[in-house]
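The exercises below go with the structure shown next. Work through each task before reading its solution.

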Amino acid sequence: MADHSVASLDQNQWQRKLQHIWRERGTVVGGVIILFFLAIGVCGFFGITPYPVVEQHPLDRLSAPDTTYLLGTDQFGRDVLSRIMKGTANSLQVAILTVGISTTIGTMIGTIAGYFGGRLDNIIMRTMDIFFAFPALLLALLIVTILGTGLYNTVLAISIVYTPIFARVARGQVISVKEMEFVLAARSLGGGHFLIVIRHILPNILPVMIVQVTLALSWALITEAGLSFLGLGTQQPEPSLGLELSSNRALAEIAPWLILYPGLAIMLMVLGFNLLGDGLRDLLDPRTR
Amino acid sequence: MTQYLINRLFSLIPMMIGVSILVFSAIRLVPGDLITAQLGTEAGMLSETQRQSLEAFYGLDKSPLEQYFVWMSDVLTGNLGLSVRQGQPVLDLIFDRFPITLELAILSVLIALIIGIPLGIVSAIYSNTILDILARILAMIGLSVPNFLLGTLIIYVLSVYFRILPNSGDYVSLFEDPVRNLQQMIFPAITLGTSFSASVMRMTRSSMLEVLTEDYIRTARSKGIIEFLVIRRHALKNALIPVITLVGIEFGYLLGGTFIVEQIFAIPGIGRLTVNAITRLYKGSRSLSPSTLC
């Protein structure tokens, strides 16, 4: 009997260790992937690439990966690695700016709705519901059609799409936090609305918002790549991972590296943000503890 | 409960009005106008009087508010206008294309359930073993592969290694030739269903893990019921409730998320119709007619 207990204790410990390793490793792997792509993106942003991204080498068209061109060249003889580096910079730039804008505006809107409640909350959230009625990509497509293509218009379009998501999450959090005793105490001490929100409510909804930001970065990357894939995001000759994939699809049979490497870059970045988001959710979101 | 449902239904009315205002504004805000969209370059040859009479004919001389009410009454009576490119009523185009998208979405859900539920069950039963970790890694990868990448890779693998081109040839409807239709739809459905199968797997796993610790499962096991029956009869029935909720919510997203997959596999569904209308209008003169966008 005693042996059996020891055995099950050992088993439980092992299970816990395995679980811990899995969680931590996932987060660490996610973090490392993101840092790696951030480094690549920074190099791409400042033009620290093996070749200029639009420079054509007509004699080396569709070269397979070798020591001269580490990831090969495209149909114009442009270096694929350099284009992936700049494409990563563009994609990350769009994702970070988008999530930055939608987090700020969405959190503000959601906080006002959740904190004041009543009719104001109803009006704000029903307005947000109008945006939720549209599929994300369709709404982004519509906005881009109105504004025109380009990096900053893409940022604006995706920001409009994601703002309601942050507003909804922030509102839910604020509603639960505002009923807590420390908020009531601050209110009974004569604290104004602005002070209560800034000092007591926002710091307490921050962990959930951080998790949301990490996950939203992966959605924004996919939406940007999707828009570019459909030809309504970044425009040639400026590189974007989605655009590289879309414009080289027809050549995949003779030059598979043209779709494999940009595709791998998108997938790894999204995987990185998902792993990081999952890990942070385990760590920061009280509902999943 | 009935009161709650009635309230919810009534709250939909202002939201639908809001959606209609947004759609109407989007149509009007896109650069260009209906006359240019219909006449193309010839629109530049119109005299001012001709343009004014055409504007009066299409009601473009009215105030935006009046135009909205005319448009809204048309929409409510099923008149969505004529497609500039195809000359057909837009409503007919939607009725033609919607069943294709619906079929794609249903097939995707089926694929997601076929992959996701067994994987989730195995992952929960063998929780924290190498099998579970592998299943979770697979699910995480499934969630991280954008469908345009997966679709492109599927076409590449099929065309290079199996000499099959899933996006070639004319679309055949399910009622004409079910086998050929399934051949055309299966790969787009796999593309669309993969990331959803990852969500189903994760939901099934977490729900099963929760259910497996319940007292009635312990009771069933202590009665000596074999593990397979405990899982099938007692655990699975309860564990699948949140999965069904997830399917309900995700089905709507799948219906609205077919744009890229239909584009890649040349499936003539509602997604492709929309994307083609938008890109054609954008890449052309950037002029938009309300009917083309609908």
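**Exercise 1.** Which residues does A220(A) touch, not counting residues up to four places away in sequence?

*Solution.* Start with the conventions. The model is predicted, so local features need pLDDT of at least 70 and side-chain atom pairs count only at pLDDT 80 or more, while totals for chains, interfaces and linings use all residues. Residues are numbered from 1 along each chain as its sequence is written, with chains lettered from A and ligands numbered from 1 in the order in which they are written.

Next, apply the contact criterion: C-beta atoms, placed from the backbone, lie within 7 Å. With those sequence neighbours left out, A220(A) touches V94(A), A95(A), T98(A), V99(A), I158(A) and Y162(A).

Then place A220(A) in its core. A nonpolar core is a set of buried Ala, Val, Leu, Ile, Met, Phe, Trp, Tyr and Cys residues joined through C-beta atoms within 7 Å. A residue is buried if 20 or more other C-beta atoms lie within 10 Å of its own, exposed if 12 or fewer, and partly exposed in between. The largest nonpolar core has 129 residues, and A140(A), A220(A) and L221(A) have the most contacts inside it. Helix α7(A) gives this core its largest share, 16 residues.

**Exercise 2.** Describe the secondary structure and burial of chain A.

*Solution.* Helices (H or I, at least four residues) and strands (E, at least two) are DSSP runs, numbered from the N terminus. On this basis chain A has 9 helices and 0 strands. Of its 289 residues, 47% are buried. Among contacts in chain A with a separation of 6 or more, 69% join residues 24 or more positions apart.

**Exercise 3.** Find the backbone features in the loops of chain A.

*Solution.* First, omega is about 5° between Q236(A) and P237(A), a cis peptide bond. P237(A) sits in the loop between α7 and α8 of chain A. Second, L62(A) is not a glycine, yet its phi is positive, about 50°. L62(A) belongs to the loop between α1 (2-45) and α2 (80-116) of chain A. With 16 other C-beta atoms within 10 Å, L62(A) is partly exposed.

**Exercise 4.** Characterise the side of chain B that touches chain A.

*Solution.* The contact takes 34 residues from chain B and 36 residues from chain A. On the chain B side, α1 (2-29), α6 (130-144), α7 (147-161), α11 (259-264) and α12 (270-283) each supply at least two residues. For the classes, Ala, Val, Leu, Ile, Met, Phe, Trp, Tyr, Cys and Pro count as nonpolar, Asp, Glu, Lys and Arg as charged, and the others, Gly among them, as polar. This side of chain B then has 24 nonpolar, 10 polar and no charged residues.

Definitions and conventions:
Two residues are in contact if their C-beta atoms, placed from the backbone, lie within 7 Å.
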